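Biologist: I would like to learn how to read a model like this one. Could you take me through it feature by feature?

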Amino acid sequence: MEFCVRTGYHSSSSIPFMLRATAILLIVCGLALRCAADSVESIGLFVAPDPYSQPNHASSRLSKAQALQTASDAQRAGRKGEAATALRLATEAVHHDPDCEPARRALGYERHDGHWLTPYQLRMAKRGLVWHGQFAWIAPDDLPRYESGERKSRGRWISAESDARRHAHIAKGWQVRTDHFQVTTNHSLEAGAELAGKLEQLYQVWQQLCGDFSLDHGDLVARFEKGRAPSYRSRPFQVIYHRTQAEYNAALQSRQPRIAETIGIYFDRQREAHFFHPGEPASVGRNDATRNATTRNDATLYHEAVHQLFQESVRAQREIGQTNNFWAVEGIATWFESLRYHVDDRSGVHFTIGEPDAGRLPAARRRLLDEGYHVPLAELVTLGKNDLQTREDLVAIYSQSAGLATYFMATPDRRGRFVEYLRQIYANRAEANSLSEQMGKSYAQLDAEYREFLESLPESPR
Ligand SMILES: [Zn+2]
């Protein structure tokens, strides 16, 4: 069975593309995440339990003492300047023991009325509001009225229908603010809350993999030595979530004439990511196991949001990758398309990324090993954005880029080097030999190792 994925691309001058991908069977797995974390096949990650994420009912937890040891490992990694590793370990510690204080503090949580809250959650708690996965910020006493179909608007109770009419145009959409994101949507309050919660979880995952991109040693010392984590983002990432594809197309046509060929887009000049609601009813179940089946909409969401996280988390240059190395900008975003959400009794809520059958990896593997398609790295790194996007083999290059990113991100050592390479690209400092220098290997060597990596992966269902 084949289906057609259309996805967008960041910035207004880009050319969208269409990808035909082979449908893959999604495997629901309960990985032994502690062992899988450094596996070359996939990476398992937790998110810190907090109001944005789902309740964590994992049965296989470490003891408090083991969690404390993991928190101390996190601190050691922080001292060494290994941001992503430190954050991953701290998150693992609070997954196993939600009250592990040093790890909570390093991650920015504070205790309030018996709950660990993020800085923005704390700010809202002081105003008497709590996060609700369906209705965003509400007073706990108001929940029954929300559930019976009423909505509070400017201090007055109105019907959900009246509320929807007030927010019918995207310019007057619901605004759902969290620690790092501001979602504007004219679909529904529920859709905005669900998307914002999903983005906050993505942010946690992104930091555990790419934290070294934006956190420097001073940030780590503040977090892990002084217990001072950063507050919420004063200027949150702006995400606009349109009610329908037609409205998305109409709203963005003037910015991107080929918008109809996309299903999500990031504009780096305006610093906005845009998506539209897929059409099915908003998923409201907080323990909704169907999310194990990551949808193509999630893949697009992760792809475009990751462009936004890289572009806006540091003082990045605009128009990055114009003259070279652009493949890596798309490679890291396409790698995140393989991010999968899981919830099961044993491990609770967790994510995997880079599984052999996920995202574009099966296509990358098939093209190289069955069809012999490969753009040598020595050539690939010389391509700037327009060079790459005007090629006829664009779709194949995207899958190769996803495959290469999977290879470079698969082990902690290569991951650190690859994230440093991305830092150079986003600072517009990368040159044709930057990747080779970062990895300490020639491009011919890296081409050969990449092929071996793909050959070593288990065959995925086609
Ligand atoms: Zn992209």
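Biologist: Which strands does helix α10 lie across?

Modeller: Happy to start there, and bear in mind that this is a predicted model. Helix α10, residues 245-252, lies across β12, β13 and β14. Its direction makes an angle of about 145° with β14.

Biologist: In what order do the strands of that open sheet come?

Modeller: The general idea comes first. Strands of a sheet pair through backbone hydrogen bonds, in either a parallel or an antiparallel way. Here five strands form an open sheet, ordered β10-β11-β12-β14-β13, with mixed pairing. β10 (174-177) and β13 (265-267) stand at the edges; each has a single partner strand, so one side of each has no neighbour in the sheet. Neighbouring strands are turned by 20° against each other on average, ignoring direction.

Biologist: How many bridges join β13 to β14?

Modeller: Three bridges join them, and the two strands run antiparallel. To find one of these on screen, look at Ile-265, whose bridge partner in β14 is His-274. Another helix, α8, lies across β10, β11 and β12, running at about 155° to β11.

Biologist: At what angle do the axes of α8 and α3 cross?

Modeller: Two packed helices are described by the angle between their axes and the distance between those axes. For α3 (residues 83-96) and α8, the axes come within 5 Å and cross at roughly 145°. On the α3 side, the contact is made by Ala-83, Ala-84, Leu-87, Arg-88 and Thr-91, while the α8 residues include Gln-204, Leu-209 and Asp-212. Sorted by class, this contact has five nonpolar, five polar and two charged residues.

Biologist: Which residues of α17 are buried?

Modeller: An α-helix has 3.6 residues a turn, so residues three or four places apart point the same way. In α17 the buried ones are Phe-418, Val-419, Tyr-421, Leu-422, Ile-425 and Tyr-426. They cover an arc of only 155° around the axis, which puts them on the same side of α17. The helices that these buried residues pack against are α8, α11, α12, α16 and α18.

Biologist: Take Met-409 in α16. Is that residue buried or exposed?

Modeller: Met-409 is buried, because 22 other C-beta atoms lie within 10 Å and the cut-off for buried is 20 or more. Leaving out residues up to four places away in sequence, Met-409 touches Leu-209, Trp-335, Gly-354, Arg-415 and Phe-418. Met-409 and Ile-332 are 77 residues apart in sequence, with a C-alpha to C-alpha separation of 8.8 Å in space.

Biologist: And backbone angles: what is the phi of Arg-154?

Modeller: Most residues other than glycine have a negative phi. Arg-154 is not a glycine, yet its phi is positive, about 50°. Arg-154 sits in the loop between β8 and β9 and is exposed, with 6 other C-beta atoms within 10 Å. Arg-271, in the loop between β13 and β14, also has a positive phi, near 55°. Arg-271 is partly exposed, with 14 other C-beta atoms within 10 Å. Finally, Asn-428, which follows α17, has a positive phi near 55°.

Notes
Residues numbered from 1 in each chain as written. Predicted model: local features only at pLDDT ≥ 70, side-chain atom pairs only at ≥ 80, totals over all residues. Buried ≥ 20, exposed ≤ 12 C-beta atoms within 10 Å, placed from the backbone. Helix = DSSP H or I, 4+ residues; strand = E, 2+ residues; numbered from the N terminus. Arc of directions from axis to C-beta. Contact = placed C-beta atoms within 7 Å. Pairing = 2+ DSSP bridges. Axes fitted to C-alpha atoms, helices over the stretch in contact; angles between N-to-C directions. Nonpolar A, V, L, I, M, F, W, Y, C, P; charged D, E, K, R; others polar.
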